[in-house]
Amino acid sequence: MISILRKFPATLSPFTRIMDSPSTMASTNTQRLVALAQQLRLYKPPPCSEDDAEEQKIQETASKVVSQVGFQESVTPIAKDPERFRPKKAAVLICLFEGDAGDLRVILTKRSSRLSTHSGEVSLPGGKTEEGDKDDGDTATREAQEEIGLDPSLVEVVTVLEPFLSKHLLRVIPVIGILSNKKAFKPTPNPAEVDEVFDAPLEMFIKDENRRAEEKEWMGDQYLIHFFDYESQNKKYLIWGLTAGILIRAASVVYQKPPAFTEQNPKFKFPRVVNKDTLIP
């Protein structure tokens with residue numbers, strides 16, 4: 001796949017603003033996002049194994065997705081065993097837009113401090129699949145509308161990434177969407193679920209700046225949990241776990257290069273019996 005960075009002259013990065021008239025800048029910005037959408041439509045997630053394909057056909061609905069530990073599910077073997085644990089399904093929206101400085105940015109939320117679990121954590125908009133959803137894109141954009149008032153008609157869904165697994169063993173589908181008209185989006189967070197809506201530069205998730213990691217173990221495999229410190233408008237945010245893992249993968253796909261650090265994702269082995277207290281460390 002050809003990187004979007006190669007679609008433009010060497011002196012014009014698609015995410016570097018041209019200092020020109022407002023009308024020219026608006027046209028250039030639109031062209032960049034159109035080119036990005038074209039690039040992402042060409043992306044093909046790694047193929048699922050036969051076990052994964054079978055598993056996808058029998059998914060149950062999932063609980064709300066929050067900022068928990070997660071890694072690509074493509075590395076996770078699932079045995080053909082009807083009594084074995086079956087992960088539930090959900091989707092999150094990676095909504096990209098061009099910022100005032102010409103950089104590519106992603107919309108994030110801070111969960112309500114009133115929630116009984118994972119209060120105050122940073123997450124991507126998203127949640128459980130419902131019966132009326134046509135596909136994962138429909139799930140992600142519907143949940144974004146419910147959580148932060150993002151009209152699905154403003155978002156162009158262009159691709160999905162490989163499934164991830166959350167700390168609570170949910171199958172999470174990352175959906176990438178393009179928001180061409182950022183001014184048309186007026187955040188209206190649902191106070192029952194979201195305290196804040198903010199955005200961050202996507203490229204930071206492949207840079208080794210303001211990042212730290214912790215090593216964990218899951219059923220004999222070592223892996224890393226990544227933490228990114230981010231500050232915006234005098235507010236500090238910690239982006240970690242599942243949210244960080246998904247954004248690392250998204251940034252790698254968009255910018256067509258691996259992160260400047262080791263991801264170290266584990267080859268998960270599902271426990272045969274899972275109860276409500278079973279968590280990935």
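Residues are numbered from 1 along each chain as its sequence is written, and side-chain values use heavy atoms, with hydrogens and water left out. In this predicted model, local features need pLDDT of at least 70 and side-chain atom pairs count only at pLDDT 80 or more, while totals for chains, interfaces and linings use all residues.

Start with the whole chain. It has 4 helices and 12 strands. These are DSSP runs numbered from the N terminus: helices are H or I with at least four residues, strands are E with at least two. Of the 281 residues, 51% are buried. Buried means under 20% relative accessible area, exposed over 50%, and partly exposed in between, with a 1.4 Å probe and protein chains only.

Next comes an open sheet. Its 3 strands run in the order β10-β11-β12, with antiparallel pairing. Two strands pair if DSSP finds at least two bridges between them. β10 and β12 (235-240) are the edge strands, and each pairs on one side only. From one strand to the next, the twist averages 25°. β10 and β11 are joined by 8 bridges. In this region E214 stands opposite I225 of β11. Helix α4 (residues 241-255) packs on the sheet and touches β11 and β12. Its direction makes about 80° with that of β12. For such angles, axes are lines fitted to C-alpha atoms, for helices over the stretch in contact, and angles run from 0 to 180 degrees between N-to-C directions.

What does the largest nonpolar core contain? It has 41 residues. A nonpolar core is a set of buried Ala, Val, Leu, Ile, Met, Phe, Trp, Tyr and Cys residues joined through side-chain atoms within 4.5 Å. I94, L96, L108, L202, F205 and L247 have the most contacts inside this core. Elements giving two or more residues include α1 (22-41), β2 (88-98), β3 (104-111) and β8 (170-179). α4 gives the most, with 10 residues. Apart from this core lies another, of 15 residues, among them A144, L150, I173 and V175.

F205 counts as buried because its relative accessibility is 0%. Leaving aside neighbours within four places in sequence, F205 is in contact with V106, F228, I239, L247, I248, A251 and F261. Also in α4 is S252. S252 counts as buried, at 8% relative accessibility.

Now the rings. A search of the whole structure finds 5 aromatic pairs. Rings of Phe, Tyr and Trp (its six-membered ring) pair if their centres lie within 6.5 Å; planes under 30 degrees apart count as stacked, over 60 as edge-to-face and the rest as tilted. F205 and F228 form an edge-to-face pair, 5.0 Å centre to centre and 70° between the planes. F205 sits in the loop between β9 (194-201) and β10 (211-218), and F228 in strand β11 (residues 221-232), 23 residues apart. F228 is buried too, at 0%. F198, Y230 and Y237 form one aromatic cluster.

Two charges also sit over rings. The charged end of K182 is 4.9 Å from the ring centre of F97. R211 lies over the face of F261, at 4.2 Å. The criterion is NZ of Lys or CZ of Arg within 6 Å of the ring centre and within 35 degrees of the ring normal.

Terms used. Contact = heavy atoms within 4.5 Å.
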